[in-house]
Amino acid sequence: MTLLFKSGSLWEKLRAILQATYTHSRNLACFVFIYKGLCALQSRVQGKTHQVHSFLAAFVGGFLVFGDNNSVNSQINMYLTSRVLFALCRLGVEKGYIPEPRWNVFPLHTAVFWGLVLWLFEYHRPMLQPSLQSSMTYLYEDSNIWHDISDFLIYNKSSSPSK
(Lines give C-alpha, C1' and ligand atoms only; values in the text may rest on other atoms or scores of the structure.)
Protein backbone atom coordinates (compact mmCIF):
# COMPACT_ATOMS: atom_id res chain seq x y z
CA MET A 1 0.00 0.00 0.00
CA THR A 2 2.89 2.33 0.72
CA LEU A 3 4.21 1.86 -2.81
CA LEU A 4 0.81 2.71 -4.31
CA PHE A 5 -0.48 5.48 -2.08
CA LYS A 6 2.41 7.24 -0.34
CA SER A 7 3.73 10.25 -2.20
CA GLY A 8 7.43 10.65 -2.84
CA SER A 9 10.23 8.92 -4.69
CA LEU A 10 10.78 5.18 -4.75
CA TRP A 11 13.64 5.60 -2.25
CA GLU A 12 11.40 7.57 0.13
CA LYS A 13 8.75 4.87 -0.14
CA LEU A 14 11.29 2.09 0.50
CA ARG A 15 12.65 4.03 3.46
CA ALA A 16 9.13 4.33 4.90
CA ILE A 17 8.59 0.58 4.45
CA LEU A 18 11.91 -0.24 6.12
CA GLN A 19 11.17 2.18 8.98
CA ALA A 20 7.74 0.61 9.57
CA THR A 21 9.27 -2.88 9.44
CA TYR A 22 11.93 -1.87 11.95
CA THR A 23 9.35 -0.27 14.27
CA HIS A 24 7.13 -3.36 14.05
CA SER A 25 9.95 -5.80 14.83
CA ARG A 26 11.41 -3.61 17.60
CA ASN A 27 8.01 -3.24 19.26
CA LEU A 28 7.35 -6.98 19.11
CA ALA A 29 10.79 -7.74 20.57
CA CYS A 30 10.31 -5.23 23.41
CA PHE A 31 6.85 -6.59 24.12
CA VAL A 32 8.06 -10.21 24.26
CA PHE A 33 10.91 -9.20 26.60
CA ILE A 34 8.53 -7.37 28.97
CA TYR A 35 5.88 -10.08 28.81
CA LYS A 36 8.22 -13.01 29.43
CA GLY A 37 10.07 -11.10 32.16
CA LEU A 38 6.90 -10.13 34.03
CA CYS A 39 5.44 -13.64 33.71
CA ALA A 40 8.64 -15.12 35.16
CA LEU A 41 8.74 -12.52 37.94
CA GLN A 42 5.12 -13.15 38.97
CA SER A 43 5.62 -16.91 38.90
CA ARG A 44 8.76 -16.64 41.01
CA VAL A 45 7.17 -14.30 43.57
CA GLN A 46 4.01 -16.39 43.93
CA GLY A 47 5.72 -19.76 43.67
CA LYS A 48 3.60 -20.96 40.76
CA THR A 49 1.98 -19.76 37.56
CA HIS A 50 -1.60 -18.43 37.47
CA GLN A 51 -3.74 -17.54 34.43
CA VAL A 52 -3.92 -13.92 35.54
CA HIS A 53 -0.13 -13.63 35.21
CA SER A 54 -0.25 -13.72 31.42
CA PHE A 55 -3.03 -11.11 31.31
CA LEU A 56 -1.24 -8.75 33.69
CA ALA A 57 2.13 -9.12 31.97
CA ALA A 58 0.57 -8.56 28.55
CA PHE A 59 -1.48 -5.62 29.86
CA VAL A 60 1.64 -3.86 31.13
CA GLY A 61 3.68 -4.74 28.03
CA GLY A 62 0.88 -3.69 25.69
CA PHE A 63 0.45 -0.39 27.48
CA LEU A 64 4.17 0.38 27.49
CA VAL A 65 5.04 -0.82 23.97
CA PHE A 66 1.88 -0.53 21.87
CA GLY A 67 0.22 2.37 23.70
CA ASP A 68 1.54 5.07 21.37
CA ASN A 69 -1.05 5.82 18.70
CA ASN A 70 1.06 5.52 15.54
CA SER A 71 0.42 3.78 12.23
CA VAL A 72 2.37 0.61 13.08
CA ASN A 73 0.75 0.13 16.50
CA SER A 74 -2.65 0.96 15.05
CA GLN A 75 -2.31 -1.80 12.44
CA ILE A 76 -1.13 -4.32 15.02
CA ASN A 77 -3.93 -3.43 17.43
CA MET A 78 -6.61 -3.62 14.72
CA TYR A 79 -5.29 -7.02 13.67
CA LEU A 80 -5.39 -8.23 17.28
CA THR A 81 -8.87 -6.82 17.87
CA SER A 82 -10.43 -8.94 15.13
CA ARG A 83 -8.55 -12.08 16.20
CA VAL A 84 -9.43 -11.62 19.88
CA LEU A 85 -13.11 -11.02 19.16
CA PHE A 86 -13.27 -14.21 17.08
CA ALA A 87 -11.47 -16.18 19.81
CA LEU A 88 -13.73 -14.81 22.55
CA CYS A 89 -16.82 -15.80 20.56
CA ARG A 90 -15.45 -19.32 20.14
CA LEU A 91 -14.56 -19.48 23.83
CA GLY A 92 -18.05 -18.26 24.72
CA VAL A 93 -19.55 -21.10 22.68
CA GLU A 94 -17.14 -23.66 24.15
CA LYS A 95 -17.94 -22.56 27.72
CA GLY A 96 -21.69 -22.45 27.03
CA TYR A 97 -22.10 -18.66 27.46
CA ILE A 98 -23.14 -18.31 23.82
CA PRO A 99 -25.38 -20.93 22.20
CA GLU A 100 -23.74 -22.91 19.41
CA PRO A 101 -25.07 -21.63 16.09
CA ARG A 102 -27.22 -24.16 14.26
CA TRP A 103 -26.11 -22.84 10.88
CA ASN A 104 -23.01 -21.34 9.33
CA VAL A 105 -22.89 -17.71 10.55
CA PHE A 106 -19.84 -16.78 8.45
CA PRO A 107 -21.82 -15.55 5.40
CA LEU A 108 -23.99 -13.32 7.63
CA HIS A 109 -20.92 -12.01 9.48
CA THR A 110 -19.23 -11.25 6.17
CA ALA A 111 -22.29 -9.51 4.72
CA VAL A 112 -22.76 -7.34 7.81
CA PHE A 113 -19.15 -6.17 7.87
CA TRP A 114 -18.97 -5.49 4.13
CA GLY A 115 -22.24 -3.58 4.39
CA LEU A 116 -20.91 -1.56 7.32
CA VAL A 117 -17.54 -0.75 5.80
CA LEU A 118 -19.03 0.47 2.50
CA TRP A 119 -21.70 2.47 4.34
CA LEU A 120 -18.96 4.07 6.46
CA PHE A 121 -16.87 4.72 3.36
CA GLU A 122 -19.72 6.38 1.49
CA TYR A 123 -21.24 8.42 4.33
CA HIS A 124 -18.76 8.65 7.24
CA ARG A 125 -15.38 8.30 5.56
CA PRO A 126 -13.32 10.23 8.14
CA MET A 127 -14.23 7.60 10.74
CA LEU A 128 -12.30 4.93 8.81
CA GLN A 129 -8.60 4.36 9.33
CA PRO A 130 -6.61 6.41 6.74
CA SER A 131 -5.02 3.45 4.92
CA LEU A 132 -8.45 1.81 4.56
CA GLN A 133 -9.81 5.08 3.18
CA SER A 134 -6.98 5.17 0.62
CA SER A 135 -7.52 1.58 -0.45
CA MET A 136 -11.25 2.04 -0.78
CA THR A 137 -10.87 5.31 -2.67
CA TYR A 138 -8.60 3.52 -5.13
CA LEU A 139 -10.97 0.58 -5.54
CA TYR A 140 -14.32 2.35 -5.60
CA GLU A 141 -13.60 5.82 -6.99
CA ASP A 142 -10.30 5.96 -8.87
CA SER A 143 -11.34 2.85 -10.79
CA ASN A 144 -14.20 4.83 -12.37
CA ILE A 145 -11.70 6.60 -14.67
CA TRP A 146 -9.69 4.55 -17.17
CA HIS A 147 -7.21 5.87 -19.68
CA ASP A 148 -5.40 2.73 -20.82
CA ILE A 149 -4.07 -0.58 -19.49
CA SER A 150 -1.40 1.20 -17.44
CA ASP A 151 -4.17 2.41 -15.11
CA PHE A 152 -4.76 -1.21 -14.17
CA LEU A 153 -1.13 -2.33 -14.13
CA ILE A 154 0.52 0.65 -12.47
CA TYR A 155 -1.77 3.10 -10.68
CA ASN A 156 -4.99 4.82 -11.57
CA LYS A 157 -5.66 8.17 -10.02
CA SER A 158 -8.96 9.77 -10.92
CA SER A 159 -9.08 13.42 -11.76
CA SER A 160 -12.39 13.84 -9.91
CA PRO A 161 -12.21 14.97 -6.27
CA SER A 162 -13.15 12.50 -3.55
CA LYS A 163 -16.32 12.94 -1.55
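Visitor: In which helix is Val-93 found?

Guide: This is a predicted model. In it, Val-93 lies in helix α4.

Visitor: Is Val-93 buried, partly exposed or exposed?

Guide: Start from the relative accessible area. Buried means under 20%, and exposed means over 50%. Val-93 has 24%, so it is partly exposed.

Visitor: Now the whole chain. How many helices and strands does the protein have?

Guide: The count is 7 helices and 0 strands. Read from the N terminus, the order is α-α-α-α-α-α-α.

Visitor: What share of the residues counts as buried?

Guide: The protein has 163 residues, and 20% of them count as buried.

Visitor: And what share of the contacts joins residues at least 24 apart in sequence?

Guide: Take the contacts between residues at least 6 apart in sequence. Of these, 33% join residues at least 24 apart.

Visitor: What describes two packed helices?

Guide: Two values: the angle between their axes and the distance between the axes. The crossing is right-handed.

Visitor: Which residues make the contact of α2 with α3?

Guide: On the α2 side, they include Asn-27, Phe-31, Ile-34, Leu-38 and Gln-46. On the α3 side, they include His-53, Ala-58, Gly-61, Val-65 and Phe-66. By class, this contact of α2 with α3 has 14 nonpolar residues, 8 polar ones and no charged ones.

Visitor: Take Phe-31. What is it in contact with, leaving aside neighbours within four places in sequence?

Guide: Phe-31 contacts Ala-58, Gly-61, Gly-62, Val-65 and Phe-66.

Visitor: How do α2 and α4 pack?

Guide: Helix α4 covers residues 71–95. Its axis is 9 Å from that of α2, and the angle is about 60°. That makes α2 oblique to α4. The crossing of α2 and α4 is right-handed.

Visitor: Which residues make that contact?

Guide: From α2 come Ala-20, Thr-23, His-24 and Asn-27. From α4 come Val-72, Asn-73 and Ile-76. The contact of α2 with α4 divides into 3 nonpolar, 4 polar and no charged residues.

Visitor: At what angle do the axes of α5 and α6 cross?

Guide: Roughly 90°, with the axes coming within 11 Å. Angles from 65 to 115 degrees count as roughly perpendicular. Helices α5 and α6 are therefore roughly perpendicular to each other.

Visitor: Which residues of α5 and α6 meet there?

Guide: Helix α5 gives Trp-114, Val-117, Leu-118 and Phe-121. Helix α6 gives Leu-132, Gln-133, Met-136, Thr-137 and Tyr-140. The contact of α5 with α6 has 7 nonpolar, 2 polar and no charged residues.

Visitor: Where is Leu-120?

Guide: Leu-120 sits in helix α5, which covers residues 106–123. Its relative accessibility is 25%, so Leu-120 counts as partly exposed.

Visitor: What does Leu-120 contact, leaving aside neighbours within four places in sequence?

Guide: Leu-120 is in contact with Arg-125 and Leu-128.

Visitor: How far apart are Leu-120 and Gln-133 in sequence and in space?

Guide: They are 13 residues apart in sequence. In space, C-alpha to C-alpha, Leu-120 and Gln-133 are 9.8 Å apart.

Conventions
Residues are numbered from 1 along each chain as its sequence is written. This is a predicted model: local features need pLDDT of at least 70, side-chain atom pairs count only at pLDDT 80 or more; totals for chains, interfaces and linings use all residues. Side-chain values use heavy atoms; hydrogens and water are left out. A crossing is left-handed if the near helix is turned anticlockwise from the far one by less than a right angle, and right-handed if clockwise. Helices (H or I, at least four residues) and strands (E, at least two) are DSSP runs, numbered from the N terminus. Contact means heavy atoms within 4.5 Å. Ala, Val, Leu, Ile, Met, Phe, Trp, Tyr, Cys and Pro count as nonpolar, Asp, Glu, Lys and Arg as charged, and the others, Gly among them, as polar. Axes are lines fitted to C-alpha atoms, for helices over the stretch in contact, and angles run from 0 to 180 degrees between N-to-C directions. Angles under 35 degrees count as roughly parallel, over 145 as roughly antiparallel, 65 to 115 as roughly perpendicular and the rest as oblique. Buried means under 20% relative accessible area, exposed over 50%, partly exposed in between (1.4 Å probe, protein chains only).
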